[in-house]
Every structure is written in structure tokens, then in C-alpha cells.
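Me: I have a structure open and want to learn how to read its features. Please take me through them one by one.

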Amino acid sequence: MDGTCTRSSWWSASSSRGRGGEEKERLTSPVPYRVGPYDYSPAVKCLCNRKAPCWTSWSDDNPGRRYYRCPSGLKPGDCGYYAWIDCQTTEYERVLLCDLRDAVWQLRKEKAEEQQQVQRVQEENGDLRQLIVQLENEKDDLKKKMEEKEQLDIKENRNFSCFRRCIVVFALLELLFVLKYSRM
């Protein structure tokens with residue numbers, strides 16, 4: 001640890017005051033940890049004599065600043081140990097890091113909203129696909145019924161056509177009969 005760095009309270013290391021967005025966003029780091037909180041050496045021990053994890057603060061006062069703290073972390077059994085690893089940033093760096101952090105959180109929020117919208121559209125598409133399948137089945141059923149009706153109509157037309165021919169033949173026979181017997 002650099003002796004020129006100052007210590008601050010755990011609260012100022014972990015709290016955010018009004019910048020950045022929703023509480024859930026504040027609980028996630030805007031950038032992934034490059035190494036796990038215990039993947040460092042030599043080990044730094046807290047007052048409980050356990051290896052203290054190394055975390056990164058994303059508060060407004062200390063964005064991007066690394067620190068060690070007791071593994072119990074504000075839970076029962078926490079010895080209250082914390083120590084800054086990095087020196088405090090300049091005002092320019094602090095504002096820049098906070099702006100970048102907020103931009104990442106905003107992009108994550110927009111991405112989550114877009115993913116929800118995509119999921120809603122996919123669900124609607126699924127419903128529409130089912131409706132299309134249902135309509136296609138109904139169309140096929142109607143087409144079959146129409147073909148059956150046409151077949152019946154063709155049969156009826158044949159029968160009706162035959163009936164008309166018979167009527168015409170009988171009419172002609174009657175006319176011939178009338179003509180033949182009317183001359184006599």
C-alpha cells in the first residue's frame with residue numbers, strides 16, 4: 001500500500017450520491033474485474049486475520065479506486081477493516097470516470113430495455129406464427145370443402161345436363177308426335 005494515500009470511510013467508498021441511475025446499476029461494476037478479489041499477493045490480512053478481498057469503488061467520490069476490506073463486509077462478524085490501495089484521483093479524473101461509469105450504466109439499461117422489447121416482439125411473432133398456421137389450416141379446410149362442392153356441382157350439372165337433354169328429347173318427340181298426328 002502506498003503510504004501517501006489517504007483512508008476514507010467504507011461508506012464513502014461504497015455509496016453513490018445522486019449520479020448514475022438506479023440502485024441495481026450501482027451494485028454492478030461498470031467494467032468486469034480483471035482478476036478475482038482474492039487473486040493477488042502478498043496477502044493483506046484484515047483485523048480478523050483473514051485475507052481481505054480487493055474491490056473497486058464506483059462511488060462518486062472514489063470512482064475506479066481499489067481498496068481492501070474485511071471479507072465479512074458490513075455483515076455480522078465484520079471487523080471494520082478497509083484500506084485504500086490507490087491514491088485519490090484528481091477532480092478531472094473523478095468527473096471523467098463518473099461520466100464514463102454513468103454512460104456504461106445507461107447503455108446497459110438501454111440494452112436491457114431493448115432486450116425486453118425484442119423478447120416481446122418474439123413472443124408476438126410466436127403468437128402471429130400460430131395464428132398464421134391456424135389460418136393456413138382453415139384455408140386448406142375451406143379449399144377442400146370448395147373442391148368437394150365443385151365435384152358435387154359437376155355431378156349435379158351432369159345430372160342436370162342429362163335431365164335437360166332428356167327434356168329436350170321428350171320435347172322434340174312430343175313435337176314430332178304432334179306434327180305427325182296433326183297432319184293426319
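Me: How many helices and strands are there in the protein chain?

Reply: Helices (H or I, at least four residues) and strands (E, at least two) are DSSP runs, numbered from the N terminus. The protein chain has three helices and three strands. Their order from the N terminus is α-α-β-β-β-α. This is a predicted model, where local features need pLDDT of at least 70 and side-chain atom pairs count only at pLDDT 80 or more, while totals for chains, interfaces and linings use all residues. Residues are numbered from 1 along each chain as its sequence is written, and side-chain values use heavy atoms, with hydrogens and water left out.

Me: What share of the residues is buried?

Reply: Start with the cut-offs. Buried means under 20% relative accessible area, exposed over 50%, and partly exposed in between (1.4 Å probe, protein chains only). Here, 21% of the 184 residues are buried.

Me: How many salt bridges does a search of the whole structure find?

Reply: A salt bridge puts a side-chain nitrogen of Lys or Arg within 4 Å of a carboxyl oxygen of Asp or Glu. The search finds five. One of them joins arginine 66 and aspartate 86, at 2.7 Å from N to O. This pair links distant parts of the chain, 20 residues apart. Arginine 66 sits in strand S2 (residues 65–69), and aspartate 86 in the loop between strand S3 (82–84) and H3. Arginine 66 is partly exposed, at 36%.

Me: Which residue forms a salt bridge with glutamate 91?

Reply: Arginine 94 does, with the closest N and O atoms 2.8 Å apart. Both lie in helix H3, three residues apart, about one turn of the helix. Arginine 94 is buried, at 16%.

Me: Which residues are linked in a network of salt bridges?

Reply: Asp60, Arg101 and Asp102 are. Arginine 101 is in helix H3. Its relative accessible area is 1%, so arginine 101 counts as buried. Aspartate 102 is buried too. The closest N and O atoms of arginine 101 and aspartate 102 are 2.9 Å apart.

Me: Where is serine 29?

Reply: Serine 29 is in the loop between helix H2 (23–27) and strand S1 (54–57). Serine 29 is buried, at 19%. For its neighbours, contact means heavy atoms within 4.5 Å. Beyond those within four places in sequence, serine 29 is in contact with Trp58, Trp105 and Arg108.

Me: What joins serine 41 and proline 42?

Reply: A cis peptide bond does, with omega about 0°. Proline 42 lies in the loop between H2 and S1. Asparagine 49 lies in that loop between H2 and S1 as well. Asparagine 49 is not a glycine, yet has a positive phi of about 65°. Asparagine 49 is exposed, at 57%.

Me: How many disulfides does the count come to?

Reply: A disulfide is a covalent bond between the sulfur atoms of two cysteines. The rule asks for a pair of cysteine sulfur atoms within 2.5 Å. By this rule, the count is zero. Take cysteine 79: the nearest cysteine sulfur, that of cysteine 48, is 3.5 Å away. Cysteine 79 is partly exposed, at 26%. Cysteine 87 is also partly exposed, at 33%.
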